[in-house]
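Take a look at the sequence and the coordinates first, and then we can walk through them together.

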Amino acid sequence: MLVSAKEMLTKAKAGKYAVGQFNINNLEWTKSILLTAEELKSPVILGVSEGAGKYMTGYKTVAAMVKAMIEDLGITVPVALHLDHGSYEGAKACIEAGFSSIMFDGSHYPIEENIEKTKELVAICNEKGLSLEAEVGSIGGEEDGVIGKGECADPDECKAVADLGVTMLAAGIGNIHGKYPENWEGLSFETLDAIQAKTGDMPLVLHGGTGIPEDMIKKAISLGVAKINVNTECQLSFADATRKYIEAGKDLEGKGFDPRKLLAPGAEAIKATVKEKMELFGSVGKA
């Protein structure tokens, strides 16, 4: 069954490790991530962007698929199904569809409106036992049409949102979605430290986990990051493995290719990426 992310992230913050959020885009990705989490006995968060939700025909379809896969694969580790960078309307739709965790990205609103909308969603999620992630200071780059400049969040604004009772807080500290440019200045640990000082035990979230050097990841975890999002790296590994399979000319003669064989190398690449990240984040054996 699906669970709220609250307990797994509270344990992660206290234990100085991070739970990985890996975005899913289809059945193969979901299966690979779940099997890897079970193998490593790691809690896991399955992220679903609004674009991916639409691609998979809708949030109800996604929730039904994930719940059925957890049962049929015999998954015993904690699994949260989480809306990633959700709009206000998207958040409500995913609550209705059966997601166990929601992110409302109100970072593009004035802080007063972000607080107002977040406060309403806190009440709804508390009533239904769901976890809620809020964001202050937009994350750089572009993901599914959500664009940010890579701001550093205001620690006082972070405290104002954290005090609403959200489960976790995504705060911009110079991180970006997608590949990091060569001239990237790195994470602002000064900002992260100031945010943790203001928000206390609140689990903090690091978006844009692809491409951040390992030493920065570990330092971020030591400063209160308990959830790290990975999407681009999975996309790249999946695409690269599939491309190599096709270029090798395997299974393309005779009766044509079997789509299950075509997707298998990409699925194995996803497993390898997820395993590498779970080991780096320190979540192995924490289920």
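Let us begin with the aromatic rings, and with the rule for pairing them. Rings of Phe, Tyr and Trp (its six-membered ring) pair if their centres lie within 6.5 Å; planes under 30 degrees apart count as stacked, over 60 as edge-to-face and the rest as tilted. By this rule the count comes to four aromatic pairs. Please keep in mind throughout that this is a predicted model.

**Aromatic pairs**

How are the rings of Y59 and F99 arranged? Their centres are 5.8 Å apart and their planes stand at 85°, so the pair is edge-to-face. Y59 belongs to helix α4 (residues 59-72), while F99 sits in the loop between α5 (88-97) and β4 (101-104), so this pair ties together parts that are 40 residues apart in sequence. Are these two residues buried or exposed? Residues under 20% relative accessible area count as buried. Y59 has 16% relative accessibility and therefore counts as buried. F99, at 2% relative accessibility, counts as buried too. Elsewhere, ring pairs link Y88, F104 and Y109 into a cluster.

**The overall fold**

Stepping back, the protein has eleven helices and ten strands. Of its 287 residues, 55% count as buried. Among contacts between residues at least 6 apart in sequence, 71% join residues at least 24 apart.

Which strands form the barrel, and in what order? Eight strands close into it in the order β1-β2-β3-β4-β5-β8-β9-β10, and the pairing is parallel. From one strand to the next, the twist averages 25°.

A few of the strand pairings can be followed residue by residue. Strand β2 (residues 44-49) pairs with strand β3 (residues 79-86) in the parallel sense over six bridges, and I45 stands opposite A80 in β3.

Which residues of β8 lie on each side? M168 and A170 are on one side and L169 and A171 on the other; all of them are buried, and both faces of β8 are covered.

Helix α1 (residues 6-15) lies across several of the strands, namely β1 (19-23), β2, β3, β5 (131-136), β8 (168-171), β9 (204-206) and β10 (225-230). Helix α1 runs at about 115° to β10.

**Two helix pairs**

Two packed helices are described by the angle between their axes and the distance between the axes. Here are two examples from this model.

| Helix pair | Axes come within | Crossing angle |
|---|---|---|
| α10 (residues 232-247) and α11 (residues 259-281) | 8 Å | roughly 145° |
| α7 (residues 155-162) and α8 (residues 189-199) | 9 Å | roughly 35° |

The crossing of α10 and α11 is right-handed. Residues making this contact include C234, F238, A241 and Y245 of α10 and L262, L263, I270 and V274 of α11. By class, the residues of the contact of α10 with α11 divide into twelve nonpolar, four polar and four charged.

Helix α7 also passes α8 in a right-handed crossing. P155, D156, C158, K159 and A162 of α7 meet A194, I195, K198 and T199 of α8. The contact of α7 with α8 has five nonpolar, one polar and three charged residues.

**Two residues in close-up**

I195 lies in helix α8 and, at 0% relative accessibility, counts as buried. Which residues does I195 touch, leaving aside neighbours within four places in sequence? I195 is in contact with A153, P155, C158, A171, I173 and L204. The C-alpha atoms of I195 and P155 are separated by 4.7 Å, although the two residues are 40 residues apart along the chain.

A93, in helix α5, is partly exposed, with a relative accessible area of 32%. The C-alpha atoms of A93 and G58 are separated by 9.7 Å, and these residues are 35 residues apart along the chain.

Notes: Residues numbered from 1 in each chain as written. Predicted model: local features only at pLDDT ≥ 70, side-chain atom pairs only at ≥ 80, totals over all residues. Heavy atoms only, no water. Pairing = 2+ DSSP bridges. Helix = DSSP H or I, 4+ residues; strand = E, 2+ residues; numbered from the N terminus. Axes fitted to C-alpha atoms, helices over the stretch in contact; angles between N-to-C directions. Contact = heavy atoms within 4.5 Å. Left-handed = near helix turned anticlockwise from the far one by under 90°. Nonpolar A, V, L, I, M, F, W, Y, C, P; charged D, E, K, R; others polar. Buried < 20%, exposed > 50% of the residue type's maximum accessible area, 1.4 Å probe, protein only.
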